[in-house]
Amino acid sequence: EGILVSNKKESSYIKPYVKVFNHQTMVAEKSWGKFQIIDVEPESLTIKVTLNAGHAMNYHSHAHRQEVWNVVSGEGISTVDGVCTSVQAGSTIKLPQGSKHMLKAVTDMRVIEVQMGKDISKEDKKKW
């Protein structure tokens, strides 16, 4: 285990090397915020997601899992199957398997995301 650090401008050059690592990323900082995996079970994954104000997740769906988002802090807009809803600390958003969804941060947000299903993997994400 270890920490990989690179110059942001040069980070795209190391992607081919990172792909050969056979280890699940537990923490990652992205341009939109960061995520930290906090629990892994055979049929569930729990992640703490931090979204920076003005940033959003990709609009996407999952064929083999459902998700629940619990907003811990901040304000944003959730979109589920084309329906937009304002969310804030205390909001819970249930995302059925196959639903198209995204979250956009109006202010900095902290969200606990729980993924549940038999096939929890990066490959089960379809971007729209």
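**Strand pairing around β10**

Gln66 has Met116 as its bridge partner in β10, where strands are DSSP runs of E with at least two residues and helices are runs of H or I with at least four residues, numbered from the N terminus. The model is a predicted one, in which local features need pLDDT of at least 70 and side-chain atom pairs count only at pLDDT 80 or more, while totals for chains, interfaces and linings use all residues. Residues are numbered from 1 along each chain as its sequence is written, and side-chain values use heavy atoms, with hydrogens and water left out.

**Strand β10 and its partners**

- Strand β5, residues 65–73, runs antiparallel to β10 and is joined to it by 8 bridges; two strands are taken to pair if DSSP finds at least two bridges between them.
- Strand β3, residues 44–51, is likewise antiparallel to β10, with 8 bridges joining them, and Thr46 has Val114 as its bridge partner in β10.
- In a regular strand the side chains alternate between the two faces of the sheet.
- Strand β10 covers residues 109–117, with Met109, Val111, Glu113, Gln115 and Gly117 on its covered face and Arg110, Ile112, Val114 and Met116 on its uncovered face.

**The loop residue Ser91**

- Ser91 lies in the loop between β7 (83–88) and β8 (92–95).
- Ser91 counts as buried because its relative accessibility is 14%, the classes being buried under 20% relative accessible area, exposed over 50% and partly exposed in between, with a 1.4 Å probe and protein chains only.
- When neighbours within four places in sequence are left aside, Ser91 is in contact with Trp69, Asn70 and Val71, contact meaning heavy atoms within 4.5 Å.

**The chain as a whole**

- The protein chain has 1 helix and 11 strands, and from the N terminus on the order is α-β-β-β-β-β-β-β-β-β-β-β.
- The C-alpha atoms fill a box of roughly 40 × 35 × 25 Å along the principal axes.
- Of the 128 residues in the protein chain, 30% are buried.
- Among contacts with a separation of 6 or more, 64% come from residues 24 or more positions apart.
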